[in-house]
Amino acid sequence: MQDPQCIWPAMAQLGEGARYDATADEVWWVDILGQKIFCMALSTGEQWTWDTPETVGATFPDDAGHVLALFRHSLVRLDRATGTFQQVLDFPGEPTGNRFNDGTIGPDGTLWLASMDFDFTVPTGAVYRVPRDFATVQIVDQGYIVANGPALSPDGRRMFVNETMKGEIFVFDIDPTIDRAVNKRLFATIPADQGLPDGLHVDDAGGLWVALVTGGKVRRYHADGMIDREIALPSPTVTSVCLGKDADTLFVTTGRILMDERTLAAHPLSGGLFRIDLRG
């Protein structure tokens, strides 16, 4: 395995939402608090940045050839060419003190979205299910301070969700007969001194990759919940993770939030996008 390589020193306040687009061979990510969407073409290294008018938690591919983005209380469509946004869906039941934090898309196009209390204090966050046609909005689970990470197994039959502030990772079964998340149970608990669980990714072997936001590393769990390996990053704030074209490349986002000048000086690449070659 090679050391983590910073491929985009974007100095994001809160880099998040790492997502690999296999069709275009691109990596997408966001700066939630810096209000930016990033995209990198891996074949050429070309980079695009779009400013957003409010916080943005994640992006998703869209059937229309554009990109969906998760704003503070809404789902919007980004026109890459013009940089303009069109609202697709509103969430009027979301508390005003919340923001959407993360999300993922299933093999059938269903969106699974997570919200949180902006001030990290009260359990007003929830997990939502939105079908491909955006016809309904269903609350799957609630009572989170910071609901985070929704990540699906490649077959779409299991979903993992974090309660970041309590260091808890839960797993649900996705019932294909009703397309609902059921049978919630605790998958792992992470002691606070090891870092808080943030972004998640499930690999083809069923292993769960976890970004440890205050731990400066990513961790992989076997499907049975046993720890497999850990990889340290040159930043104490590690926020999200995804695999690339194959199982050999890992992309990791980082942030600069809550760092003092001394910490930033010691970790100048914090807020960048990293690539890790897992071979060897």
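**Grounds for the descriptions**

Q: Why is Thr23 called exposed?
A: Thr23 has a relative accessibility of 81% in this predicted model. Exposed means over 50%, so Thr23 counts as exposed. Thr23 belongs to the loop between strand E2 (15-21) and strand E3 (26-31). Its C-alpha atom is separated by 31 Å from that of Asp224, which is 201 residues away along the chain.

Q: What makes Leu258 buried or exposed?
A: The relative accessible area of Leu258 is 84%. The cut-off for exposed is over 50%, and Leu258 is therefore exposed. Leu258 is located in the loop between strand E23 (249-254) and helix H1 (261-266). Its phi is near 65 degrees, a positive value in a residue other than glycine. Most residues other than glycine have a negative phi.

Q: Why is Phe120 called partly exposed?
A: Phe120 has 41% relative accessibility. Buried requires under 20% and exposed over 50%, with partly exposed in between, so Phe120 counts as partly exposed. The loop between strand E11 (111-117) and strand E12 (125-130) holds Phe120. Phe120 is a residue other than glycine with a positive phi, near 60 degrees.

Q: How do you know that Thr52 is buried?
A: Thr52 has a relative accessible area of 7%. Buried means under 20%, so Thr52 is buried. Thr52 lies in the loop between strand E5 (47-51) and strand E6 (56-61). Leaving aside neighbours within four places in sequence, the residues in contact with Thr52 are Gln35, Lys36, Ile37, Phe71 and Phe85.

Q: What is the distance between the backbone oxygen of Glu54 and a polar atom of the side chain of Thr52?
A: The two atoms lie 2.7 Å apart. The distance limit for a polar contact is within 3.5 Å.

Q: Why is Tyr221 counted as buried?
A: The relative accessibility of Tyr221 is 3%. Because buried means under 20%, Tyr221 counts as buried. Tyr221 is part of strand E20 (residues 217-221). Not counting residues up to four places away in sequence, Tyr221 touches several residues, among them Ile169, Phe187, Leu208, Met226 and Asp228. Ala205 is 16 residues from Tyr221 in sequence, and their C-alpha atoms are 11 Å apart.

Q: What makes the pair formed by the side chains of Tyr221 and Arg219 a polar contact?
A: The side chains of Tyr221 and Arg219 are joined at 3.0 Å. A polar contact requires N or O atoms within 3.5 Å, and this pair is listed as a polar contact.

Q: Which secondary structure elements does the protein have, and how many?
A: The protein has 24 strands and one helix.

Q: Why is the protein called as compact as a globular protein of its length?
A: The radius of gyration of the protein is 17 Å. The globule rule gives 19 Å for 280 residues. The two values are close, so the protein is as compact as a globular protein of that length. The C-alpha trace spans about 45 × 45 × 35 Å along its principal axes.

Q: What share of the protein counts as buried, and what share of its accessible surface belongs to carbon and sulfur atoms?
A: Of the 280 residues, 55% count as buried. Carbon and sulfur atoms account for 49% of an accessible surface of about 11900 Å².

Note on methods: Residues numbered from 1 in each chain as written. Predicted model: local features only at pLDDT ≥ 70, side-chain atom pairs only at ≥ 80, totals over all residues. Heavy atoms only, no water. Helix = DSSP H or I, 4+ residues; strand = E, 2+ residues; numbered from the N terminus. Rg over C-alpha atoms; globule rule 2.2 N^0.38 Å. Buried < 20%, exposed > 50% of the residue type's maximum accessible area, 1.4 Å probe, protein only. Areas by Shrake-Rupley, 256 points an atom, 1.4 Å probe, with all protein chains shown as cover. Polar contact = N/O pair within 3.5 Å; in protein donor to acceptor, adjacent residues only side chain to side chain. Contact = heavy atoms within 4.5 Å.
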